[in-house]
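Dear colleague,

I am handing over the structure below, and I would be glad if you could look through it with the notes that follow.

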Amino acid sequence: MRRPWLQQLLIASVYSLSSFLSWKLSSGQHLFNLHTGIGVAAILLGGPRALLTIASVSWLLPVLQDYPFWGVVQLSLLNVFQPLLIVALLPQFVLDGELRVKDSLRLILAGPMVGAFLGASCGVLIQSVFFPLPAMALFADWVSWWLGDALFVLIIVPLCLGLIHQRVMIWPSRFAELMLIVAIASFGAILLSQFNGHQELLFLLFPLMIWSALRLGHVGNGVLGLVVALLAIFSHLGTVWSGGLLSSLLLLLSVVVTGVVLAASNQEEFEAAKSTRLAAQVFGNASEGILITDADARIVAVNPAFSRITGFASVDAIGRISRMFNQRGLGRAINMDMLGELNTYGHWQGEMEDRRKNGDIYPAWLSISAVRDEQGRMTNYVGVFSDYTNRKEAEQRLFYLANHDPLTGLYNRMALQEQLSAAVLRANERQFAVLFIDLDRFKTINDTLGHEVGDALLVIVANRLQSVLNEGDVLARIGGDEFTILLENMACLDLVGQVAEKLRQSLIQPCLINGQELFVSCSIGISVYPCDGKTPAALLKNADVAMYRAKETGKNNVQFFAANMNEMAFEHLMMENGLRHALDRQQFCLHYQPKIDLASGRLSGLESLIRWNHPGLGLVPPVSFIPLAEENGLIVAIGEWVLFEACRQMCVWLKAGFDIPHVGVNLSPRQFQQADLVQQVQAALVSTGLAASRLELEITESMIMQDPQRAVQTLNELKAMGVMLAIDDFGTGYSSLSNLKHFPIDSLKIDRSFVDGLPDDSDNAAITEAIIAMARKLRLSVVAEGVETTQQMLFLRKSGCQSVQGYLYSRALPADDLEIYLAQQGLVTAESTLSITTEKQF
């Protein structure tokens, strides 16, 4: 009820009315205590809050019975605590609505009998204090009080519990039947009351009570008992208690007890039948096969799923010995471990092999439970099983996918780790080899022709590698175009090298894919257990290092791991990690190499060259870290720093009075491809205040030939600013003067590879003379790099080369040392403001 105060008001009203009826029907005596049953019902339905309501009206009956004040107080307390005692004595299963037959006696004794007995005993004691009676009358009053309380409590308690837990059974389907039973009972009780002295005919209530209990449960039983009891009481209205009334009470009590037991029995049978039907439905509709055996493993029942899975009909299986206790692969041998676990724990589950009726073997997942009787003896076994074929195949498929490369079917990295770990355990200091294979030029093929062609090529490569290996060798694909091989049965390293060479030779053969002939090679690195590592991780790492060494030495070759490779790899890693912080930590610096005019012997310019002052490796030349910067993209930021620093230092020198025509800055390919290159150059000139004519940008042939149209636009914009442009390392790239004539170039720099060996190397001499002659035709100045001897200088001057740079004149110098060099060579103007100590060594 949503309004608690209304519920309490209703309880108070009903309790007051029952108190009045108890007084009126008993003619001033304690013959019928309706209020006791109402109090129990109030607590069951309303909870502990009903106690205050009962206490507020419990004084009514003692007042009507003319008890003095202290008698009213004592009986009021009795009227409060007696219902509370009865509810407390009721078993928990009764409160939950589980009124079982075997517990009916416990319900009758714990609640109505004991509670009513104690209440009647206390009430008679209180009555004897205030209204002394003869012993016989007092005993009769105590008996009627006890039986009256017991009758109404026994009627009302099951009724209330039925209303709580079983009202769905009554309303609305059987409400009309309930009213019919009440009408018949009422008419019969009124009719019998007219035949004075024939109260024993009330036994005719038994059939009616049986009908009500079996059809309507505790609700019908309670309603019928309440109606008949009230009618019986009304029939004695105004009379004093007599033996006839006592027999009527006893008869009514026995009828109600019978109804309680019958209703409990009917409910238990209903629940049992419901459980049986549910169990039968589960047994018949279960997708798993179920079989029940006796204690000797003889089948007594099977479900339809059993027949569907095994092919055996129920008539074929029942009576036969079940195979579920047999050990796998041992015929009729009994699995004693399984039986032992069943005897100990009562349950076992696991995988077993079973055979269908047609002879097919299939995996089954079986769960067996032991069933015992009340004495603990084994009576039955229940086996539940399912066809494990699909799940087994799925598990095997998942295991395969977890350990194999889906494209090539080879082992993957995780499976390779397991194989390597097992090989280490088996080795016992015997040698075995790990080969790390990486394909050359695969990325170009994959990016150019597409991933489908790349995947097809990887499959061909995997098949070719597998065809070279023996049956016991392990081949795995651990990433994109990386393969790893484990060779265990190798007597010496020569055999390992022979296998590696066979693998290399097998891959350089042409591959035909979609009608197109493709060529691919590989670089192979080899590590050997135990000298190159004693763990799978160390062997793989060192084989990988050896493979990269193979790539550095020209690709398409085989390299065994050597200890110094690790040192080189460690140094490479240190440089790569440190390079990312070198700019922020201001570890870069510029050195400058003079360029000398051969005609006048004066300074014609400077070339700026970056150096990295590494805290652990010392001064690192650009050839060691520029390729790393190109790979990870840091070259753009480094090139921008070089541009600004060279312009800044040039302005310092010019302001100090040095007559330096220009400073050269090398541009990297990535820097040249930047869309904002022109803006970067302009920003460097503006921020430092350097004139554009004092800056020379050096680019390579390959940079401008990658996208000639864009290169022309960029170079024209730079030329329009007044910046000088030079082609660096000329002769090592495209060397096409017919293309270069379209670019606004000011000078060419002959690569040091052609200067080396002059003038004795006739080929280099011829190439150098040709470059100088063609450059002069195009009105380009020529600078030769790497001049180290006087003979080289004289040959170049004779051939018409304008400027040279090299160790013959000076190596690349820091800014301070360069100032000393310029002073010593007389290249400082009279206006120079720098204080130079010419004795400083450099």
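**A buried loop residue and its surroundings**

Gln587 is buried, with a relative accessible area of 13%, a value that comes, like everything else here, from a predicted model. Gln587 is found in the loop that runs between helix H21 (563-582) and strand S13. Leaving aside residues up to four places away in sequence, Gln587 touches Ala582, Arg611, Trp612, Asn613 and Pro615. For one of these, Trp612, the C-alpha atom is separated from that of Gln587 by 6.0 Å, although the two residues are 25 apart along the chain. Trp612 also belongs to a cluster that ring pairs build with Phe588 and Trp641.

**Aromatic pairs**

The structure holds six aromatic pairs. Phe306 and Phe385 are both buried.

Another edge-to-face pair is that of Tyr592 and Trp653, with 4.9 Å between the centres and 75 degrees between the planes. This pair, too, links distant parts of the chain, for Tyr592 is in strand S13 (residues 588-597) and Trp653 in helix H23 (residues 635-656), 61 residues apart. Are these two residues buried or exposed? Tyr592 is buried, with a relative accessible area of 1%, and Trp653 is buried as well, with a relative accessible area of 0%.

Apart from the ring pairs, Arg356 lies over the face of Tyr362, at 4.1 Å from the ring centre.

The contacts of Val681, not counting residues up to four places away in sequence, are Leu643, Leu695, Leu697, Leu718, Met721 and Val723.

In helix H14 (residues 336-345), the residues Met338, Leu339 and Leu342 are buried. They cover an arc of only 95 degrees around the axis, and therefore they lie on the same side of H14. On the other side of H14, Met336, Asp337, Thr344 and Tyr345 are exposed. H14 is followed by Gly346, whose phi is positive, near 80 degrees.

**The chain as a whole**

The secondary structure of the protein chain comes to 32 helices and 21 strands, and 46% of its 842 residues count as buried. Among contacts between residues at least 6 apart in sequence, 65% join residues at least 24 apart. The protein chain exposes about 41500 Å², of which carbon and sulfur atoms supply 58%.

Key: Residues numbered from 1 in each chain as written. Predicted model: local features only at pLDDT ≥ 70, side-chain atom pairs only at ≥ 80, totals over all residues. Heavy atoms only, no water. Phe/Tyr/Trp six-rings, centres within 6.5 Å; stacked < 30°, edge-to-face > 60°. Buried < 20%, exposed > 50% of the residue type's maximum accessible area, 1.4 Å probe, protein only. Helix = DSSP H or I, 4+ residues; strand = E, 2+ residues; numbered from the N terminus. Lys NZ or Arg CZ within 6 Å of the ring centre and 35° of its normal. Contact = heavy atoms within 4.5 Å. Arc of directions from axis to C-beta. Areas by Shrake-Rupley, 256 points an atom, 1.4 Å probe, with all protein chains shown as cover.
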